[in-house]
Amino acid sequence: MEQCDLLLEYLRQQKEKAYELLYHDYYVPLVLFAGKYVGNEEVAKDIVQEFFISLLDKEMVFNNRIALKVYLYTGVRNKSLNYLRHLKIRRQYEMKMLEEGEKQEVFLERMMEEDVFARILTTVEQLPPQCGKVMLLTLKGYKISEVAEFMGISLETAKEYKKDGKKRLYNKLKGGIYSIFIGILFS
């Protein structure tokens, strides 16, 4: 009996020797074939190994060697495509998690900024009236010269109120993050 016919007969009988022959004859070509799909030799080896393992429980009857080859190559192709689909889904999931993480990070930053700003604003409202008014107008984006004109005071007086307000805020809101925000908001 020819080796080809022998392999097909062993497969029909589910003899262990059939799987050894299959592995010997087709492992390398199937790894190369899978590698063309997945682009990674180690992954291709894993795919072919898994495919061969899946054959152990199957009853396989083929009329000829061509039918066997078609079965083997189709099976490895399908496993390769499944791997790629799984990889694509995993990447999409990872990207979504990154985006969600960034959104959550931005949300937490904004929440913290709002909390700090609200605390500074509350403290500004507790300052002496003229000093507090200079600080509020500065927070609204007015230049110190515009604040002086709006309040009907000299530029030097407005600067003094702002300087005094910053000093009082630093003293009332002792802490790193507040100092940074005060420095930024009232520069």
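In this predicted model, helix H6 passes helix H7 in a right-handed crossing. The axes of H6, which spans residues 144–151, and of H7, which spans residues 155–172, come within 9 Å and cross at roughly 110°, and that angle makes H6 roughly perpendicular to H7.

- The contact between H6 and H7 is made by Ile-144, Ser-145 and Ala-148 on the side of H6, and by Leu-155, Ala-158, Lys-159 and Lys-162 on the side of H7.
- By class, the residues joining H6 to H7 divide into four nonpolar, one polar and two charged.
- Helix H5, covering residues 129–139, packs with H6 at an angle of about 130°, the axes being 10 Å apart, which makes H5 oblique to H6.
- The crossing of H5 past H6 is right-handed, and its contact draws on Gln-130, Lys-133, Val-134, Leu-137 and Thr-138 of H5 together with Ile-144, Val-147, Phe-150 and Met-151 of H6.
- In the contact of H5 with H6, six residues are nonpolar, two are polar and one is charged.
- Ile-144 of H6 takes part in the contact with H7 and is also listed in the contact with H5.

**Packing of H2 with H3**

- The axes of helix H2, residues 16–38, and helix H3, residues 41–55, come within 8 Å and cross at roughly 140°; H2 and H3 are therefore oblique to each other, since an angle counts as roughly antiparallel when it is over 145 degrees.
- The crossing of H2 and H3 is right-handed.
- On H2 the contact is formed by Tyr-19, Leu-22, Tyr-23, Tyr-26, Tyr-27, Leu-30, Val-31, Ala-34, Gly-35 and Val-38, while H3 contributes Glu-41, Val-43, Ala-44, Lys-45, Ile-47, Val-48, Gln-49, Phe-52 and Leu-55.
- Sorted by class, the contact of H2 with H3 has 15 nonpolar, two polar and two charged residues.

**Two residues of H3**

- Phe-51 is found in H3 and counts as buried, because its relative accessibility of 4% falls under the 20% limit for that class.
- Leaving aside residues up to four places away in sequence, Phe-51 touches Tyr-71, Leu-72, Gly-75, Val-76 and Lys-79.
- The C-alpha atoms of Glu-42 and Ala-148 are separated by 73 Å, the two residues being 106 apart along the chain; Ala-148 belongs to the H6 side of the contact with H7.

**Annotated spans**

- An unreviewed UniProt entry annotates residues 22–86 as "domain: RNA polymerase sigma-70 region"; over this span the chain is 83% helix and 0% strand, and the end C-alpha atoms are 27 Å apart.
- The UniProt annotation "domain: RNA polymerase sigma factor 70 region 4 type", likewise from an unreviewed entry, covers residues 119–169.
- Residues 119–169 are 80% helix and 0% strand, and their end C-alpha atoms lie 10 Å apart.

Methods
Residues numbered from 1 in each chain as written. Predicted model: local features only at pLDDT ≥ 70, side-chain atom pairs only at ≥ 80, totals over all residues. Heavy atoms only, no water. Axes fitted to C-alpha atoms, helices over the stretch in contact; angles between N-to-C directions. Helix = DSSP H or I, 4+ residues; strand = E, 2+ residues; numbered from the N terminus. Parallel < 35°, antiparallel > 145°, perpendicular 65-115°, else oblique. Left-handed = near helix turned anticlockwise from the far one by under 90°. Contact = heavy atoms within 4.5 Å. Nonpolar A, V, L, I, M, F, W, Y, C, P; charged D, E, K, R; others polar. UniProt positions renumbered as here; feature names shortened; annotations may be inferred. Buried < 20%, exposed > 50% of the residue type's maximum accessible area, 1.4 Å probe, protein only.
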